[in-house]
Amino acid sequence: MIATQKEKKELQVKKSAHGKGVFAKKNFKQDQTILQIKGKLVTCYEDDNLSEEDRSNTFRFDDEYFLSPKGMLGNYFNHACEPNSKVVKKDNKLFLVAIAPICKGEEIVFDYSTILASDDTWEMECHCDAKTCRGIVKQFRTLPKKLREKYLSLGMVPTHILEN
Ligand SMILES: [Zn+2]
């Protein structure tokens with residue numbers, strides 16, 4: 001797996017309750033950038049040709065492209081219905097940013113629905129242990145209104161997700 005020295009010092013991929021996950025090796029403050037999600041840009045068509053596992057790890061990048069972080073740290077972040085991080089697009093790059101303080105040893109998770117636009121057909125069953133677990137992860141627009149409003153107010157939904 002490719003990771004920078006800084007990433008290796010601050011983050012760790014290890015076994016979690018749901019396969020592998022990424023864990024903090026230091027404390028992150030709220031609003032602190034955790035890392036840049038790097039990878040290869042693939043089209044919607046290519047995304048459909050990825051294996052189910054690789055596809056489930058892609059990040060919607062814009063109208064046309066998905067970012068596949070295969071072989072890199074970004075590949076290992078799990079979904080949670082009660083996330084502690086968000087995906088932010090800035091300067092044409094994707095970043096993962098803490099939405100709450102994250103303690104050393106804690107798994108870093110985000111809500112996959114925040115990067116599923118209205119034309120994304122991918123869905124996943126969820127078995128996270130949150131009280132608020134939705135059981136299924138799909139398009140942002142399918143979330144309950146209250147949750148959508150909360151996520152929007154926290155800046156958790158990249159604009160290209162809302163536009164598609
Ligand atoms: Zn869940």
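The protein has five helices and twelve strands, where helices (H or I, at least four residues) and strands (E, at least two) are DSSP runs numbered from the N terminus. The radius of gyration of the protein is 15 Å, close to the 15 Å that the globule rule gives for 164 residues, so the protein is as compact as a globular protein of that length; the radius is taken over C-alpha atoms, and the rule is 2.2 Å times the number of residues to the power 0.38. This is a predicted model, in which local features need pLDDT of at least 70 and side-chain atom pairs count only at pLDDT 80 or more, while totals for chains, interfaces and linings use all residues. Residues are numbered from 1 along each chain as its sequence is written.

## Overall build

Along its principal axes the C-alpha trace spans about 35 × 35 × 30 Å. Buried residues make up 34% of the 164 residues; a residue is called buried if 20 or more other C-beta atoms lie within 10 Å of its own, exposed if 12 or fewer, and partly exposed in between, with C-beta atoms placed from the backbone. Of the contacts in the protein with a separation of 6 or more, 67% are between residues 24 or more positions apart, a contact being a pair of residues whose C-beta atoms, placed from the backbone, lie within 7 Å.

## Strand pairing

Strands of a sheet pair through backbone hydrogen bonds, either parallel or antiparallel. Here two strands are said to pair if DSSP finds at least two bridges between them. Three strands form an open sheet in the order β4-β6-β5, with antiparallel pairing. β4 (40–43) and β5 (59–60) stand at the edges with a single partner strand each, so one side of each is left without a neighbour in the sheet. β5 and β6 form a hairpin with four residues between them, and β1 and β2 form a hairpin with two residues between them.

| Strand pair | Bridges |
|---|---|
| β1 (residues 11–16) and β2 (residues 19–24) | six |
| β4 and β6 (residues 65–68) | four |
| β5 and β6 | two |

## The nonpolar core

In soluble globular proteins, nonpolar side chains tend to be buried together. A nonpolar core is here a set of buried Ala, Val, Leu, Ile, Met, Phe, Trp, Tyr and Cys residues joined through C-beta atoms within 7 Å. The largest such core has 36 residues, and those with the most contacts inside it are Phe-59, Phe-77, Leu-96 and Ile-108. At least two residues of this core are supplied by each of β2, β3, β6, β9 and β10. Leaving aside neighbours within four places in sequence, Ile-108 is in contact with Val-22, Phe-23, Ala-24, Ile-34, Phe-77, Asn-84, Ser-85 and Ile-102.

Helix α4 (residues 145–153) is hardly covered, since the count of buried residues among its nine residues is zero. Gly-155, which follows α4, has a positive phi, near 65°.

Most residues other than glycine have a negative phi, and most peptide bonds are trans. Asp-31, although not a glycine, has a positive phi of about 75°; Asp-31 is found in the loop between β2 and β3 (33–37) and is partly exposed, with 13 other C-beta atoms within 10 Å. Asp-91 is likewise not a glycine and has a positive phi of about 50°; Asp-91 is found in the loop between β8 (85–90) and β9 (93–98), and counts as exposed because there are 5 C-beta neighbours inside 10 Å.

Lys-26 lies in the loop between β2 and β3 and, with 11 C-beta neighbours inside 10 Å, counts as exposed. Leaving aside neighbours within four places in sequence, Lys-26 is in contact with Glu-10 and Lys-104. Lys-26 and Glu-106 are 80 residues apart in sequence, and their C-alpha atoms are 9.1 Å apart in space.

Asp-119 is placed in the loop between β10 (109–110) and β11 (124–125), and counts as exposed because there are 10 C-beta neighbours inside 10 Å. The C-alpha atoms of Asp-119 and Asp-63 are separated by 9.5 Å, although these residues are 56 residues apart along the chain.

Terms used. Two residues are in contact if their C-beta atoms, placed from the backbone, lie within 7 Å.
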